[in-house]
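Open the structure in your viewer and switch to a cartoon view. We will go from stop to stop, selecting as we go.

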Amino acid sequence: MFKKFLPNEHVKSIFEITPEKLKEKGIKGIITDLDNTLVAWDVRDATPEIIQWFKLMEDSDIKVTIISNNKEERVKIFSQPLNTPFVYSARKPLALAFNKAAKDMKLAKNEIVVIGDQLLTDVLGGNRAGFYTMLVVPIVETDGKITQVNRYVERRILNWMRKKGMVTWEEQK
Ligand SMILES: [Mg+2]
């Protein structure tokens with residue numbers, strides 16, 4: 001069962017994810033989380049670096065959809081200036097929002113990568129829905145209340161997987 005929590009890849013930040021690397025894998029679309037993946041959970045707007053990253057993807061014909069469990073206002077205010085499709089109140093790890101995003105992008109599952117900072121929502125949801133998953137290091141340590149509980153469970157899963165030798169990405173550091 002723990003295998004569903006294992007990302008296919010682990011990166012330090014979203015900026016390590018480039019169009020070149022994605023194209024090598026045949027990836028044409030990204031489904032990304034918002035809070036602590038693109039910006040810190042308490043940062044309202046996209047940073048210049050994030051704006052640039054979205055532009056880079058657009059110029060490279062890689063579609064991006066933001067899917068977030070956060071509420072409408074937060075996700076809308078962030079996503080609209082980026083001109084990117086978004087899903088709020090996504091209820092990750094349920095597959096619904098992931099599948100809808102894939103359908104709207106008109107891409108096959110093996111052409112999409114799911115990116116996020118949480119095992120229990122982003123990685124589990126992406127894996128269960130049948131996508132390639134990438135875990136990023138959360139931008140900040142602090143979090144909203146529900147996330148704190150998730151983080152506790154997550155740490156326990158990570159420790160267990162580490163003991164079993166299932167966590168291999170730390171060797172890259
Ligand atoms: Mg997040």
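**Before you start.** This is a predicted model: local features need pLDDT of at least 70, side-chain atom pairs count only at pLDDT 80 or more, and totals for chains, interfaces and linings use all residues. Residues are numbered from 1 along each chain as its sequence is written.

**Stop 1: the sheet.** Show the strands. Helices (H or I, at least four residues) and strands (E, at least two) are DSSP runs, numbered from the N terminus. Here 6 strands form an open sheet, in the order β1-β6-β5-β2-β3-β4. The pairing is parallel. Two strands pair if DSSP finds at least two bridges between them. Which strands are the edge strands? They are β1 (9-11) and β4 (86-87), and each pairs on one side only.

Stop 2: Select residues 63-67, which make up strand β3. β3 pairs with β4 in the parallel sense, over 2 bridges. Now pick I66: F86 in β4 stands opposite.

Stop 3: Select H10, in strand β1. H10 counts as partly exposed because 19 other C-beta atoms lie within 10 Å. The cut-offs: a residue is buried with 20 or more other C-beta atoms within 10 Å of its own, exposed with 12 or fewer, and partly exposed in between, with C-beta atoms placed from the backbone. H10 and L135 are 125 residues apart in sequence, yet 4.8 Å apart in space, C-alpha to C-alpha.

**Stop 4: the core.** Select I67, F98, V113, V114 and I115. These residues have the most contacts inside the largest nonpolar core, which has 38 residues. Such a core is a set of buried Ala, Val, Leu, Ile, Met, Phe, Trp, Tyr and Cys residues joined through C-beta atoms within 7 Å. Zoom in on I67. Beyond its neighbours within four places in sequence, I67 is in contact (C-beta atoms, placed from the backbone, within 7 Å) with residues including I31, D33, V87 and F98.

Stop 5: Select R91 and P93. Both lie in the loop between β4 and α4 (96-105). The peptide bond from K92 to P93 is cis, with omega near 15°. R91 is not a glycine, but its phi is positive, about 60°. R91 is partly exposed, with 13 other C-beta atoms within 10 Å.

Stop 6: Finish at D61, between α2 (48-59) and β3. Its phi is near 60°, a positive value in a residue other than glycine. Is D61 buried or exposed? D61 counts as exposed, because it has 10 C-beta neighbours inside 10 Å.

Terms used:
Contact = placed C-beta atoms within 7 Å.
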